[in-house]
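The following exercises are to be worked with the sequence and the coordinates at hand. Each task is followed by a solution in steps.

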Amino acid sequence: MEGETTVATTTIMQCRRRAGPPKPPRSSGLLIFLSFSVLWNFAAGAFNYADALSKSLLYFESQRSGRLPYNQRVSWRDHSGLTDGLEQGVDLVGGYYDAGDHVKFGLPMAFTITMLSWSVIEYRREIEAAGELEHALEAIKWGTDYFIKAHTSPNVLWAEVGDGDTDHYCWQRPEDMTTSRQAYKIDESTPGSDLAGETAAAMAAASIVFRKTNSHYSHLLLHHAQQLFEFGDKFRGKYDGSVGIVKSYYASVSGYKDELLWAALWLYEATDNKQYLEYVVNKAHCFGGIGWAISEFSWDVKYAGVQLMASKLLMQGRHNSNEQAKILEKYKSKAEFYLCTLLNKNNVSNVERTPAGLLFIRQWNNMQYVTTASFLLTVYSDYLRRSNHHLHCHAGPVYHEDLFKFAKQQVDYILGANPNNMSYLVGFGPKFPTRVHHRGASILSYRENKAFIGCTQGYDNWYGRGDPNPNVLVGAVVGGPDCEDKFADERGNYMQTEACTYNTAPLVGIFAKLSQIEESDPGLTREDPVLYTSS
């Protein structure tokens, strides 16, 4: 992504909402903003979630690096990055490009695979019922196959291929790449516990996904996950201290302790080995697991995910002593703080919202935080329903239905229930971004015209065009609107029009759940129209 950064506890470049009259109370399912005068009427819930699911999984085929398979469905892409790792004497062909450029960044790629795997673990039946399980497994395996290659020995993991500085100097199709494909690694002398931890989490989660359908592959993934966790825990350090070139793009602001807790939880889920649970309990204080109160969940900051998973263990009674239960209860308290913050029910701080109700964390690629929040709200809603619990917020009790309803409102906003009548899921619905900040999508397909396009030729001939991209990046979730719900569909507006794999990944499970609810009882996903007025 173009210069992606994040901050765990402080919102940077945040656009504050204008002060205005207080919102009227909700009634009859209508949400009215009195400061506006022009009316939009959306049939909230009237979306084809099965189609959204199909398109979201198709997006990952657009982001593939390496030699494309015979069943590649995105026809405007072709083979790329076929010499990755050659200079270093390793095979690093494959994996995913994270966004609209051609660097293979290990940390966001691993988080993407963790979230895809978590979606399948929670909503496998729903994804299968929608006919998309095979595509979901392919999307996960494309990433885990690469991680197996990148983990060349127990204490070596290749962290990145390419570098953002030279990559961003050029605007080319991936098939024409002339930029550096230098590869960077972490090892005992140049550690990266955050990257090792997230990759361990991804492979452990994926091992659960493949356990019943490909047991040998599942065991292989688990073996790598365990080695990576041990490596990350024994040789501690932030990966951006070892791979300095990544700092301008995916700096590890939150450090590595959240990823080690995250990896341990996923390994406990995958193995039921109590040593991993003991790690999560014993490190709860010193690693910040029960100290940090967080308002975001992202490729960098895993604490909210850690806290929710630990809460599930408590609800399921998967602990060995009262002391463990007490620590898990503290994790649960932090998880509920995060959820109450999203729901605007904390007494101290709450996540900002746009006038039309979209969660707003920060200006740059805000939609990544919306999709991860929506996923955590959805899974926690299911945890509460199964355990017959409810959420304790300062404003009062919140029930599982309320969490899911709010998650659905966020998803519906993404799909078009917003003042712009625009779907921020590319290729979905009648109106969506057509000038996505994406090199491959913005230039005529290599399969249509194999004439070489040089490093700066793309800037000269394609980047500045006002026309829509010649290739539609179906299933991509772009960065989205600003704090006032405004969105400029311009290729150069990368804060809003660039899409990333970790934007789309959390939506896979939610789309599957919504599609099955819609199929079983269409009335359950329909609400009264939402009413907006604008001045």
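**Aromatic rings**

In this predicted model, ring pairs join F111, W118, W262, W266, F297 and F375 into a cluster. The structure holds 27 aromatic pairs.

**Exercise 1.** Classify the ring pair formed by F229 and Y276, and state which helices the pair links.

*Solution.* The centres of the F229 and Y276 rings are 5.8 Å apart, and pairing requires centres within 6.5 Å. The planes of F229 and Y276 stand at 70 degrees; an angle over 60 degrees counts as edge-to-face. The pair is therefore edge-to-face. As to location, F229 belongs to helix α6 (residues 215-234) and Y276 to helix α10 (residues 274-282), so that the pair links distant parts of the chain, 47 residues apart. F229 is buried, at a relative accessible area of 6%, and Y276 is also buried, at 3%.

**Exercise 2.** Determine the geometry of the pair W364 and Y494, and decide whether Y494 is buried, partly exposed or exposed.

*Solution.* The ring centres of W364 and Y494 lie 5.6 Å apart with planes at 40 degrees, so the pair is tilted. W364 is found in the loop between β6 (359-360) and α13 (367-387), and Y494 in helix α17 (residues 494-497); the pair therefore ties together parts that are 130 residues apart in sequence. With a relative accessible area of 13%, W364 is buried. Y494 has a relative accessible area of 31% and is partly exposed, since buried means under 20% and exposed over 50%.

**Exercise 3.** Identify the ring over which the charged end of K141 sits, and the ring whose face R465 lies over.

*Solution.* The charged end of K141 sits over the ring of Y217, 4.7 Å from its centre. R465 lies over the face of W462, at 4.0 Å from the ring centre.

**Exercise 4.** Locate S254 and find the backbone oxygen that lies 2.7 Å from its side chain.

*Solution.* S254 lies in the loop between α8 (247-250) and α9 (257-271). S254 is buried, with a relative accessible area of 16%. The backbone oxygen is that of D300, 2.7 Å from a polar atom of the S254 side chain.

Methods
Residues are numbered from 1 along each chain as its sequence is written. This is a predicted model: local features need pLDDT of at least 70, side-chain atom pairs count only at pLDDT 80 or more; totals for chains, interfaces and linings use all residues. Side-chain values use heavy atoms; hydrogens and water are left out. Helices (H or I, at least four residues) and strands (E, at least two) are DSSP runs, numbered from the N terminus. Buried means under 20% relative accessible area, exposed over 50%, partly exposed in between (1.4 Å probe, protein chains only). A polar contact is a pair of N or O atoms within 3.5 Å; within protein, one must be able to donate a hydrogen and the other to accept it, and residues adjacent in sequence count only if both atoms are side-chain atoms. Rings of Phe, Tyr and Trp (its six-membered ring) pair if their centres lie within 6.5 Å; planes under 30 degrees apart count as stacked, over 60 as edge-to-face and the rest as tilted. A charge sits over a ring if NZ of Lys or CZ of Arg is within 6 Å of the ring centre and within 35 degrees of the ring normal.
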